[in-house]
Amino acid sequence: MSDHLIAPHGGILKELIVPAERGAELREASRDWPSWDLTPRQLCDLELLLNGGFSPLEGFMTQADFHPVCQDMRLADGTLWPIPVTLDVTDEVAEQLSVGGKLALRDPEGVMLAAMDVEDMWVLDREEKARSVFGTLDQKHPGVAHIFQRTNNVAVGGRLAGLELPPHYDFVPLRPTPGRLRYRFTELGWRRIVAFQTRNPMHRAHFELTMRAARENDANLLIHPTVGMTKPGDIDHYTRVRCYRALLDHYPEHTAMLSLLPLAMRMGGPREALLHAIIRKNYGCTHFIVGRDHAGPGKDSKGVPFYDPYGAQELFREHQDELGIQMVPFKMVVYVEEKAAYLPVDEVEEGTRTLTISGTELRTRLIEGRELPDWFTFPEVAEELRKTHPARARQGFTVFFTGLSGSGKSTLANVVMVKLLEMGGRPVTLLDGDIVRKNLSSELGFSKEHRDLNIRRIGFVASEITKNGGIALCAPIAPYDHVRKEVRQEIETGGGFVLVHVATPLEVCEQRDRKGLYAKARAGLIKEFTGISDPYEEPADAELVIDTSELSPEEAAQQVFLYLEKEGFIGGQ
Ligand code: PPS
């Protein structure tokens, strides 16, 4: 029935789910096998492997595919493939595995999703992977950061037999597999289909761009947003999908369809653009839109963009024939006020006034509760965004006090808490260092590892409170910069984060010595004591620096309140 559709990459759609009977046998046999609980990122990869989105792959890569993919974007058999798809496991699990054996792959609840033939195991060379795939070792690149910070040591490769796809309970009708989507296209008589990839809400510019792409190519349109994992800090997919749905009504009837892609993005720029195109080809699309800075990870730690904004289009062009799916390249689309229309920037006469709102500007407007103009987005989309992004005065936030023992963190946090409670409006939780150590972290000591774990726990609780609209006040020492940054990143996705460095000098803290701990530390009775025999990394990114040597607790708290007021966290609407 679907003969006239574009062939999948490599010729055959590789759906890896086995018949139910075989699945039952495998499940039964798996009792004696080692197991691996997949990470969220691996779950996304597994889904696309099992459903055929990653055709012609038949499992996680072995070295025979991995190395040529990293070096030359080729699988062992020469097929174009731009980004490795590997399964990384811990040393403990790797020790239980042997080549020729089996591994049960499970979801986080322990449900078995697939059986893997272990064909290869090797210790991942993180540098090699980062450098060859992403062209950099700079950990500001989310893909590189993932390799260095969130990847386990050992890669395991081998063929998969799928028992079931990872379950989804949200937007179920919008999640067809490649096979199902191909079938739908055939039913609807769609032959030429242009796919649009996005990880952001769509506004009028995207609407105009996609309409143009479809018209200029006599094609139907597939809005195919990534809902697996995108760039940290992106707007959550629930909100985005509601926005896409609202936008869909603006397309002429029978021309556009919305479908969700469970891909974990790597933010790999040009190489990722090729992967996106291959996936869309597998889903039955004939055309693929590549705009400015496709799958771009932004700027490196020196402020220079990682990739050329049109590098993805160039790389695509080089491989166009082999890819089969047609690139629809676009320059950035801007609003031309005098024509009240959107045009690609290369079609705009020089000197004409154009308008755009960048992603950063949009986020700022949402946070500050400012209006989203009509020329920029459809009112229905603005309304959806507003629902999940209320003005700051109604959002949750965390104030994270860091500083030496005795610097006055707890006292300050307590005064701030009491005053916030007096104001009312939002629930307030205090996560003081000592309280947390009694309740959440009673088994932890003061090694770097334990301190980091302690701060991560505090960060987790604070992020839950923040995203649900509450106020979290944290007051641990938190001596290490990288964990503070990690916590900031986690919390900022769901609300505000204010780092307050309680910078009371060590001499003053020691002189105060309210708990007598400094005296003990000096006498060598307490080991690893911050400031005496353990490091404290001063933050360079604190929103506020408060030295309590000369300030009363009320005066110090006042500085916090002035800041919160200025930034719109309190007061206002
Ligand atoms: S950390 O580094 O953020 O995990 O520390 P935190 O959870 O804030 O715990 C610090 C409190 O524990 C007491 N204490 C010590 N602090 C620092 N170093 C060592 N070795 C140590 N041993 C015990 C101390 O009372 C800290 O409380 P505050 O409120 O900071 O004075």
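Trainee: What is the bridge partner of Thr398 in strand 18, and what makes strand 16 and strand 18 a pair?
Mentor: In this predicted model, the partner of Thr398 in strand 18 is Ala472. Two strands pair if at least two bridges are found between them, and strand 16 and strand 18 (residues 471–475) have 4 bridges, in the parallel sense, so they count as a pair.

Trainee: How do you know that strand 16 is also joined to strand 19?
Mentor: The criterion is again at least two bridges, and 6 bridges join strand 16 to strand 19 (residues 496–502), with the two running parallel.

Trainee: Why is strand 16 called largely enclosed?
Mentor: A residue is buried when its relative accessible area is under 20%. In strand 16 (residues 397–402), 6 of the 6 residues are buried, so the strand is largely enclosed by the rest of the structure. In a regular strand the side chains alternate between the two faces of the sheet.

Trainee: What makes strand 14 and strand 15 edge strands?
Mentor: The sheet in question is open, with 3 strands in the order 14-13-15 and antiparallel pairing. Strand 14 (341–344) and strand 15 (354–355) are its edge strands, as each pairs on one side only. Strand 13 (residues 333–336) and strand 15 are joined by 2 bridges and run antiparallel; at least two bridges are required, so this pair qualifies. Within strand 15, Leu355 is the bridge partner of Tyr335.

Trainee: Why is Asp45 called buried?
Mentor: Asp45, which is found in helix 2 (residues 40–51), has a relative accessible area of 2%. Since the cut-off for buried is under 20%, Asp45 is therefore classed as buried. Leaving aside its neighbours within four places in sequence, Asp45 is in contact with Phe54, Phe60, Val85, Ala264 and Arg266. The C-alpha atoms of Asp45 and Pro262 are separated by 8.2 Å, although these residues are 217 residues apart along the chain.

Trainee: Which of the two words, buried or exposed, applies to Asp218, and which applies to Ala478?
Mentor: Asp218 lies in the loop between helix 8 (204–216) and strand 9 (220–223), and at 65% relative accessibility it counts as exposed, the threshold being over 50%. Ala478 lies in the loop between strand 18 and helix 18 (481–492), and at 3% relative accessibility Ala478 counts as buried. As for the backbone, Asp218 has a positive phi of about 50° although it is not a glycine, and phi of Ala478 is near 45°, a positive value in a residue other than glycine.

Trainee: What kind of peptide bond joins Ser55 and Pro56?
Mentor: The bond is cis, with omega of about 10°. Pro56 is found in the loop between helix 2 and strand 2 (59–60).

Trainee: How do you know that the radius of gyration of the protein chain agrees with that of a compact globule?
Mentor: For 573 residues, a compact globule would have a radius of gyration near 25 Å, and the protein chain has 27 Å, which agrees. Along its principal axes, the C-alpha trace spans about 80 × 70 × 40 Å. Buried residues make up 55% of the 573 residues. Among contacts in the protein chain with a separation of 6 or more, residues 24 or more positions apart account for 73%.

Trainee: What can be said about the surface of the protein chain and about its charges?
Mentor: The protein chain exposes about 25600 Å², of which carbon and sulfur atoms supply 49%. The mean positions of its 66 positive and 83 negative charges are 2 Å apart.

Definitions and conventions
Residues are numbered from 1 along each chain as its sequence is written. Side-chain values use heavy atoms; hydrogens and water are left out. Buried means under 20% relative accessible area, exposed over 50%, partly exposed in between (1.4 Å probe, protein chains only). The radius of gyration is taken over C-alpha atoms; the globule rule is 2.2 Å times the number of residues to the power 0.38. Contact means heavy atoms within 4.5 Å. Accessible areas come from the Shrake-Rupley method with a 1.4 Å probe; for residues, only the protein chains shown count as cover. Lys and Arg count as positive and Asp and Glu as negative; His and the chain ends are not counted. The place of a charge is taken as NZ of Lys, CZ of Arg, CG of Asp or CD of Glu.
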